[in-house]
Amino acid sequence: MNDHQALVRLLASRAYREGEFTLSSGRKSSFYLDAKQVTYDPEGIRLVGAAVYSLIAPFRVQAVGGLTMGADAIVASVVFVSGERGTPIPGFIVRKEAKQHGLQKTIEGIFPPGARCAIVEDTMTTGGSALRAVQAVREAGGEVAVVVALVDRQEGGAAAIEQEGIEFRAVTTVAQIREAFHERKG
C-alpha cells in the first residue's frame, strides 16, 4: 500500500462518518469528515504533510498558510516536511478576526511581504474558509498561487477557488474516502 492509499484508509477509518450533519456552511449533509482525527494523529500528520507538500512544491511558494483551525496542523506538517526536504517553506495562520490587542494582526506566523503563497485547508465544501484566507493574504500584499484541500467534498469549492483565478488541488476526494469506508465495513 502506498502513502496515498494509507492516508485515504486512515481518513475513512478515523474521520468519515455517515448520518445527518449540519456543516459550517449551514448545509445539511448525510456524511461528515472530521479531518482533525487524522491531521492530529502521529501517522496521519506525516502522511498529510508529505502529500500536501508534493502538491504545492511545483508552485514554488514562499509561504504556506490557511484559516485557523482547519489549516493549523496541515500548515505545521508542511513546514516540517519542507525543512526536512531542504526546501524550507515558512508557515502562517489566518485568524477569523484580527487580534484586539498587541499588534492586532490577522495573519500570525511567518508571512514574508509580497509572498507567493499556498493556502491549505482540511475539508473543502463551498470554498468559503479558503477564500477568507485568500482575502487576508491579498489584503496583506501577498499572492495566492494555489489552494490545496486535504479532502474535496466535491460540492463546488474547487470551482469557487478557480473562479478567483487560483489553481486548486486536492489530496483526495470524498468519493475515494467513501469507497474505502464501505470496503472496510463490507
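The model is predicted. Four aromatic pairs turn up in a search of the whole structure. Helices α1 and α7 pack with their axes 8 Å apart, and a cis peptide bond joins T68 and M69.

**Aromatic pairs**

- Among the four aromatic pairs is that of Y16 and F31, which counts as stacked because the ring planes are at 25 degrees, under the limit of 30 degrees. The ring centres of Y16 and F31 are 5.7 Å apart.
- Y16 has 0% relative accessibility and so counts as buried. F31 is buried as well, since its relative accessible area of 6% is under the 20% cut-off.
- F92 and F111 form an edge-to-face pair, with 5.2 Å from centre to centre and 80 degrees between the planes.
- F92 is buried at 1% relative accessibility. For F111 the relative accessible area is 17%, which is under 20% and therefore counts as buried.

**Surroundings of F31**

- Y16, F31 and F181 make up one aromatic cluster.
- R178 is placed over the face of F31, at 4.7 Å from the ring centre.

**Packing of α1 and α7**

- Two packed helices are described by the angle between their axes and the distance between the axes.
- Helix α1 (residues 3-15) packs against helix α7 (residues 174-185) at an angle of about 70 degrees, with 8 Å between the axes. The angle makes α1 roughly perpendicular to α7, because that class runs from 65 to 115 degrees.
- On the α1 side the contact is made by H4, V8, L11, A12 and S13, and on the α7 side by Q176, I177, A180, F181 and R184.
- By class, this contact between α1 and α7 has six nonpolar, three polar and one charged residues.
- F181 of α7 takes part in this contact and also belongs to the aromatic cluster with Y16 and F31.

- Y53 lies in helix α3 (residues 42-56) and is buried, with a relative accessible area of 9%.
- Leaving aside neighbours within four places in sequence, Y53 is in contact with V78, V81, S82, R85, T87 and I89.
- Between the C-alpha atoms of Y53 and V64, 11 residues apart along the chain, the separation is 9.6 Å.
- T173 is in strand β8 (residues 167-173). Its relative accessible area of 18% is under 20%, so T173 counts as buried.
- Not counting residues up to four places away in sequence, T173 touches V151, D152 and Q154.

**Backbone features**

- The cis peptide bond between T68 and M69 has an omega of about 25 degrees. M69 is located in the loop between β3 (63-67) and α4 (72-84).
- R60, a residue other than glycine, has a positive phi near 50 degrees. R60 sits in the loop between α3 and β3 and is exposed, at a relative accessible area of 71%.
- Q154, also a residue other than glycine, has a positive phi near 60 degrees. Q154 is in the loop between β7 (143-152) and α6 (157-163) and is partly exposed at 47% relative accessibility.

Definitions and conventions: Residues numbered from 1 in each chain as written. Predicted model: local features only at pLDDT ≥ 70, side-chain atom pairs only at ≥ 80, totals over all residues. Heavy atoms only, no water. Helix = DSSP H or I, 4+ residues; strand = E, 2+ residues; numbered from the N terminus. Buried < 20%, exposed > 50% of the residue type's maximum accessible area, 1.4 Å probe, protein only. Contact = heavy atoms within 4.5 Å. Phe/Tyr/Trp six-rings, centres within 6.5 Å; stacked < 30°, edge-to-face > 60°. Lys NZ or Arg CZ within 6 Å of the ring centre and 35° of its normal. Axes fitted to C-alpha atoms, helices over the stretch in contact; angles between N-to-C directions. Parallel < 35°, antiparallel > 145°, perpendicular 65-115°, else oblique. Nonpolar A, V, L, I, M, F, W, Y, C, P; charged D, E, K, R; others polar.
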